[in-house]
Amino acid sequence: QTEAQSGVAVDSLLKNLSHAGVENVEVIKRMYINFNIQELSVELCGLTTEDPIMSVAAVKAHILMKLLPDENQTKAFVALHDLVCDDLRLGSTDRTFRRMIGRASNNHTNAASRAKIAPNDSEVFLLNYTKNGIDDSREIEVKIGSSVVIVLPDVITEILNFINVAPIQVAATSSFRRKPVLSEITKSESLHVVVKDDGSEEFETCFESTKSDSAVSVKKTKYLVESSNMRLVLVDLGSMDSSGPFISTKSSSALTETIVLQGKMKANFEMTSNTASNDIVEKDYKIDAERVEIYTAKGASLQHPVSILEPAKFSIFYYQKIGEVHLTDLKFVTLTPIDLTISMQNAALASALATSISDSFSTNKETSEDEAERHSISAREARRIARLDSELERVEDIEPMTPSEHSTDVSVHVGQQIEQMRKLTRLKMTSPEVILTLTNDFQGLDEALFKVIAMNWVFGGELDYPGASASEKPCFGFNMNTSFLADYFDTASNRWEKFLTSPWEITLNGSRGPQSRFHSKRMSSTFDIESNPCHISFSEHFLVSAGAASRMWSVYSGATKQATHLVEEKVKDDLSKRRLSRSMAAHAARSLITTLPYAIENHSGINAMYSIYDDPTQYPLRKSSTQFFQFELFPERGTGGVRKYGQDVKHKKSLTIYIGKAEISIDDMDSEVQKPRSAHYISDYKTHVFTSVVKRGNSTVLHLSSHVEMYNSSSLPFRIAVLGDDKVHDLGIVKIAPKSTSVNGSGGKSLLKESEELMTHSKFGLPAPLLTSFMIDTSETLCLQISPVLKETNDFALAGMFNLPPLDRLVEIATSSQGEARRVIEVSCSPSTRARNLSSLVANVCCKVTLVDGAHPFVQLFIEPRVVMTNRLPVSVLLRTPMPHTLVSSNSDSGGESLEHDDDSKYTTHELAPKDSVEVF
């Protein structure tokens, strides 16, 4: 050993001696390269610099490189304080979103918390790179700070057009002998260069592969990626570029709709590659994600967030090894419950976003019909080309190959020696709990449909694919076990009801492989399903809700197709607009919102104020008006508010009404639905105001009224007035109620019709101040006047009066046990002066009286025609009548035609289509 060490020392000494006998002393030096860049910006432009597309700027960049030969290492460090990418196109100057990449602002972080942030945490990008020269291994560490990436599909299209390069024409292949590539050399062979001298001035080199018993050298590369709270914002371009007839009239819908993906991640990537061939032989990936959430928001500041996926934590493991067996192992584990709430608006928005993003990556090879016809070939030319091709093939088959051509292609012989290796893929997935809730929020509706819960979900599978030379066929095996719970939302009781009365546990096993029983190579597939009894219970309200949701989606799909056609017709010559036509159409269809989930109707005749939940802000509520609103969703674990329904609601939807000094509190709007009407004393007006909460159309409505309400159940509008204090108090006109249209033959009203009825004041309450003396003096009657609004007269030529019974009599009517709670008063409306040549009109006023809280009478007056005749025949009929005031009510566009006859002007003839009605006054 001593002799060996001395020999090595002598060899090293001889190597360090130069030819002159002088010792060569190597001085190893380190090199440091440091860059500090305040700002580095790159701008992409179109045909000219006056047509900018986008700009990318690195702010406060620090780059440090270290060359360490003594340690045989190379290190690099890169830090970016901010990375900014802006949309500079001239057509997007008025857009809400113009910044595509930047720092994420956190409005919830106070100054004290920001002071505690470390300097490195304030950087948006950090990179540490280390290369070891001994084994050529690399370690790369990347840290990404709080940043936001905004996806604008039309900008992506412009960038792809900018970087699009015409295909390079590849020259014909030469006839030189092809050298074997590294991938064709087996692991037991190595490549050597052999130099053969042919003369004093000439030499020849060639390659030959020789056997080698040395071990295969490998190198490892490690990546460590760690990110803070990152956001990926998907923007709906339809709401940004809506124009023409698709501009929404609601200010709330002017905000751009977005879907935000947010979360933190820590990933480790290790790759082992062959040094000689540079092929990766082993991969080991691990990704840990936490607080991953998805929510919708509006505007650049991401207002009104609504949660889709509550914050979740999961891990992904991926392992791949290439050897005699190509092994792939994938594992997915969720460490927290997955709570997913999908609404129909979310599904429509996600579909529109996916369409716009896919359209942005589509090719620009869109030619017109004229251009296609110009490049098309005739049938005769096609046959001629086919004959030429067959002749060329025949000549190639006859022509003998030269010796050089026999040895040109060695890939055939090499390919015969390479066999496709066996591939084995394994998949495992586990989750403690998965909750899926589906809601319907189309057209301002806000109702839950159903909820499915999968408990202890476990899945495992394996796919074995043998090589091409093997006689076996692919085999697989899998198993899945879980337990399901399901609830449906009952709109009648406003509660979740059990759809599955007991947990439904199911186990599914499947396999495919050779028959082991008969020792045969024939493949057999086996599927085994083991299930516990499944007990289902539901009501008709669930079927009605599901049917309404299905019809709404059908209406949305049809409206989207029609709107797409309209947009494409308007922007035929604009390719960028045509790409966004489907997004614009989908936004227009989603914007068909007539109401909001909640509303307040003020028919008390008194101006009031109201506040929502614990918000101190008071909003005006004028008399004879309807105010729509919605309760803010309360966030739980995530950024966005969570939709809660029924018994899952933790915050009651309370409401407070302010009338003078009095306060009327509604503890929970949802629980007050269909409850009896209640009375509230208003000391400032010495009268009572009645409240009731009803479900009407898409909205839950809080109805405010006085002691007397009037409804118009006819096809004529009427002006209402109260006579008192020696004067006539004009109250206004009771409008015509919307027609009842049958949805599916059941005679019920559609949601749009009910919403229209809610916004159309076909009823109003008599002002409470005018009823003060009527309610105090129990013997005083109330005189009312009604005047029909006729088309042939511009003024109110006809008027009729009737007296409402005194308060004591109203209480007797309400408490009567002889069925006298409903009375009909016949009112004759005559001309105000005899000089007017008009016939009198007679209408019926139906009076219905109920007692509220056992003491306060509440009167409902319905104005109705004297007679209503409906055509129940399947054919049209003619109706001839001498009555001067008859009106036809038709459910269709055709029908209901009135004809005057010359022979007798006193008679009027009406043509009634099936289901049409005629009202006689």
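**Exercises on sheet order and nonpolar cores**

The chain exposes about 54,400 Å², of which carbon and sulfur atoms supply 54% (Shrake-Rupley method, 1.4 Å probe). The model is predicted: local features need pLDDT of at least 70, side-chain atom pairs count only at pLDDT 80 or more, and totals for chains, interfaces and linings use all residues. Residues are numbered from 1 along each chain as its sequence is written, and side-chain values use heavy atoms, with hydrogens and water left out.

**Exercise 1.** Determine the strand order of the open sheet that contains β24 and β27.

*Solution.*
1. Strands are DSSP runs of E, at least two residues, numbered from the N terminus; two strands pair if DSSP finds at least two bridges between them.
2. β23 (608–612) and β26 (655–659) pair in the antiparallel sense over 4 bridges, and I612 stands opposite L655 in β26.
3. The open sheet of 4 strands has the order β24-β23-β26-β27, with antiparallel pairing.
4. Its edge strands, β24 (619–621) and β27 (662–666), each pair on one side only.

**Exercise 2.** Describe the largest nonpolar core and the second core.

*Solution.*
1. A nonpolar core is a set of buried Ala, Val, Leu, Ile, Met, Phe, Trp, Tyr and Cys residues joined through side-chain atoms within 4.5 Å; buried means under 20% relative accessible area (1.4 Å probe, protein chains only).
2. The largest core has 33 residues, and those with the most contacts inside it include F718, L804 and L861.
3. Strand β38 (841–852) gives the most to this core, with 5 residues.
4. A second, separate core of 22 residues includes L621, I657, A662 and I666.

Key: Buried means under 20% relative accessible area, exposed over 50%, partly exposed in between (1.4 Å probe, protein chains only).
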